[in-house]
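Take a look at the two chains shown here.

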Amino acid sequence: MGTLLEIGGLSKSYPGVKANDDISFVIQEGEIHALLGENGAGKSTLVKMIYGLVKPDSGTMVLRGEAYTPAKPIVARKSGVSMVFQHFSLFEALTVAENITLGMDDAPNRKELSQKIRTVSEDYGLPLDPDRLIGDMSVGERQRVEIIRCLLQNPRLLIMDEPTSVLTPQEVDTLFSTLRKLSADGVAILYISHKLDEILALCDHATILRMGKVVDTCTPKDETAKSLAEMMIGGELEIHAQTEFTPGEVALSISGLSLASKDPFGTSLKDISLNLRKGEILGIGGVAGNGQDELLAALSGEAKVEAGMLKIADKPIGQLGPNERRSRGLLTAPEERLGHAAAPMMSLSQNAFLTGRIRKHLSPGGVVNSRKTNAFARDIVKQFDVRTPGIHVAAKALSGGNLQKFVIGREILQEPSVLVVNQPTWGVDAAAAAFIRQALRQLAARGAAVIVISQDLDELMEMSDTFAVLSEGRLSKPQPSEGLTIEEIGLMMGGDLEGAAHV
Amino acid sequence: MDFSSLNPVAMIVLLIGAATPILLAAIGELVVEKSGVLNLGVEGMMIIGAVTGFIAATTFDSPMMGLLGGAVGGALVSMTFGFLTQYLLSNQVATGLALTLFGLGLAALMGSAYNGIRPPRMPRLEVEGLSDLPIVGKLLFSHDPVIYLSLALVLAVWWFLNRSRAGLVLRACGENHEAAHSLGYNVQLIRFGAIMFGGACAGLGGAYVSLVRVPQWTEGMTAGVGWIALAIVVFASWKPWRVILGAYMFGGITILQLSLQALGISISGAYLSMTPYIVTIVVLVIMSADRKRASLNAPACLGRSFHASH
């Protein structure tokens, strides 16, 4: 096998940051090459340059012996470079076939294309119906659409940006066998991830990025997850011990919670019941789009439900709005950091005020007490190690990980009796993620009840005392997380809520 | 009461005439909204079309030049909206409203020398034999060419949006502009083109008002037709065929109101003039009551500015 793509000294700067600094490495034909690094290490910028979305400031790329300077994605695709994005570039209101046509430069007519979609998708074990609407499909199926769209153009290099972050374990297996088959057919794959076990299982070579620079290359076969992680972080990895779980009295009781989704492509909640005890961390797993957003809305008070469906300290709260729930100790941190958890254009101090007003008494008599508000915001920044020039900075200026620490810290410092977080470490680098998990655990150790909704199974296994799965709007019976195997959880995520429950 | 003045065939012919400017403006706006842009300046583009069409028709003494002039005038004024919203990223709602106010003022200025002039007459389509048929002839074969053009335009828009690749790309921009951009489509340019098409259609509708419907130039003569056209796009849930239904229904209400006045039924004229607007509001409320259905069809990126971040 020869050299497919040779990258020499690529650099790219944005105002204030050097996103990529003199990056060089080589991808061979047909190999699966991992690009490993924490968030903000420069992986995305690098692949965007390879795919023609970003123009490098300096450096060269050589594709199969010829200079390669894609000005636009269309040029990249013509040269045989395709990309599957982390956030899919799909159109929910259009069909599979229409979506695929849009991504192709010389699309055949409808009938021919439908036929081709069927054959190619079945060849690679990813069956697809060309006439279905994307909006009706699961995240895993949507990813298939993206992959098939790429495959129909016979790529030589397929770039995959964090492809497994939204998949069930079974779907991950399917994806891996597809990728191995592609690699055997001579297609090189540039696989971006920060999940070490995947890279160990799948990749032939790895290039490790840190702060925009190549810091190491290795053959994953010869490494361990720990050694890879240390290369990635550039230091010793600290592993926190799990705190002891002693369940107290019921803090939040949910009985027969049902809620019709407001989103035409959303999932309605169906008859969810559970008792959450003081000091308990309940992990709720499941593939995105199975009712997570709706559950958060029902708990936060953004969507009202029948009064008796939710009770805190035996008092019904289903009809109360978010502020009244906050005053009773139920706080939430939604998934979407910018626009839902925080107002992007407002300063950190203003954002701290928005949810902290009641519990922290920040506006006595309806007048904002700026001294107290600023003190609260500074407290969050200090205690949660939020890296920011100051509390006057707009929320959107913070990096994802820092803003997430701020959002979680803001709720924790209000000392809730029940805290609900959705995807607390989504897109957050390993160090910040560990910090957030530790803070949530400490909160529970102080006697609060915590619900963690996440798609990261490792995270849930690591931190939760009890575990349940949300599947098509139904919640499985919570059970102790200790002793659950990935296979059992995978079956539950696929909708087999009963089958796994009596294991 | 004397109902004999209510001749159904004559009323339908009148209805079609009243509906055509609404239909033209609405089908243009539908394309604009499908690309993800909300242009509230329809009324302004129509009145500009009415005056430029009128000027072109009287200057060249040709109604066809008038129609062309109206379309060009509407398209030109829509380009200011397109430039402001697509390239300078101004707020679409505010810019659209400003466009209406600007259009009304500019049209009054341009048309001040044309008050009281009659434009050249728009010929009617006369098909030997067919047009003389009783009822059918009047209903189908004796309209002016713009009416046939407007229906053909709806057909063309339907085909474009649902069958052509370019139409698919346009819809894609309206559904998810980030994704369309990452696939390599020029969202701004596509939207700019859609805005110009919408402007030309609105201008054509305006010219139809000043050349055929009224026919003369008076200030503010479009009298809110542009707003009804905007409402009809929502009423039609962004489907071209339903735009015809909506436009003809509203045309019917307008004619009914005039007929009732002619009958001397003693309802204050103010109430009758209100009816199309009240019906618009009622229909919008009914439509949006079922949030699922309404939101399913609305372009997901409607009214959102797009700015390529890299």
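Helix α2(B) is largely enclosed by the rest of the structure, because 16 of its 19 residues are buried. The model is a predicted one, and every value in this report is computed from it. Helix α2(B) runs over residues 42-60 of chain B. From its first C-alpha to its last, α2(B) reaches 26 Å, close to the 27 Å expected at 1.5 Å a residue. Just after this helix, D61(B) takes a positive phi of about 50 degrees.

Helix α6(B) covers residues 145-163, which makes 19 residues. Its reach is 26 Å from first C-alpha to last, close to the expected 27 Å. Which residues of α6(B) are buried? They are V146(B), I147(B), S150(B) and V157(B). Seen down the axis of α6(B), the buried residues fall within an arc of 110 degrees, so they line one face of the helix. The face turned away from that buried side carries exposed residues: A152(B), L155(B), W159(B) and R163(B). What do the buried residues of α6(B) pack against? Their partners are four helices of chain B: α1 (8-34), α3 (63-87), α9 (187-213) and α11 (240-263).

Chain B has 13 helices and zero strands. Chain A has 17 helices and 21 strands. The radius of gyration of chain A is 24 Å, close to the 23 Å that the globule rule gives for 503 residues, so chain A is as compact as a globular protein of that length. For chain B, a compact globule of 310 residues would have a radius of gyration near 19 Å, and the chain's 20 Å agrees.

|---|---|---|
| Chain A | about 70 × 50 × 40 Å | 47% of 503 residues |
| Chain B | about 65 × 45 × 40 Å | 44% of 310 residues |

Contacts can also be sorted by sequence separation. In chain A, take the contacts between residues at least 6 apart in sequence: 68% of them join residues at least 24 apart. In chain B, residues 24 or more positions apart account for 77% of the contacts with a separation of 6 or more.

**Two domains in chain A**

Chain A is divided into domain 1 (3-233) and domain 2 (250-345 + 416-501). The centres of these two domains, taken over C-alpha atoms, are separated by 32 Å. Their contact takes 16 residues from domain 1 of chain A and 14 residues from domain 2 of chain A. On the domain 1 side, α5 (139-151), α6 (169-184) and α8 (225-233) of chain A each supply at least two residues. By class, that side of domain 1 has five nonpolar, nine polar and two charged residues.

**Where the chains touch**

**Two loop residues in chain A**

G308(A) is placed in the loop between α9 (292-300) and β14 (310-312) of chain A. Is G308(A) buried, exposed or partly exposed? G308(A) counts as partly exposed because it has 14 C-beta neighbours inside 10 Å. Leaving aside neighbours within four places in sequence, G308(A) is in contact with S255(A), P316(A) and G318(A). S255(A) is 53 residues from G308(A) along the chain, yet 7.5 Å separates their C-alpha atoms.

E223(A) is found in the loop between β10 (213-218) and α8 of chain A. With 18 other C-beta atoms within 10 Å, E223(A) is partly exposed. Not counting residues up to four places away in sequence, E223(A) touches C218(A) and L228(A). E223(A) and L200(A) are 23 residues apart in sequence, and 7.7 Å apart in space from C-alpha to C-alpha.

Key. Residues are numbered from 1 along each chain as its sequence is written. Chains are lettered from A and ligands numbered from 1 in the order in which they are written. This is a predicted model: local features need pLDDT of at least 70, side-chain atom pairs count only at pLDDT 80 or more; totals for chains, interfaces and linings use all residues. The expected span of a helix is 1.5 Å times one less than its number of residues. A residue is buried if 20 or more other C-beta atoms lie within 10 Å of its own, exposed if 12 or fewer, and partly exposed in between; C-beta atoms are placed from the backbone. The arc is that of the directions from the helix axis to the C-beta atoms. Two residues are in contact if their C-beta atoms, placed from the backbone, lie within 7 Å. Domain bounds come from an automatic or database domain assignment. Ala, Val, Leu, Ile, Met, Phe, Trp, Tyr, Cys and Pro count as nonpolar, Asp, Glu, Lys and Arg as charged, and the others, Gly among them, as polar. The radius of gyration is taken over C-alpha atoms; the globule rule is 2.2 Å times the number of residues to the power 0.38.
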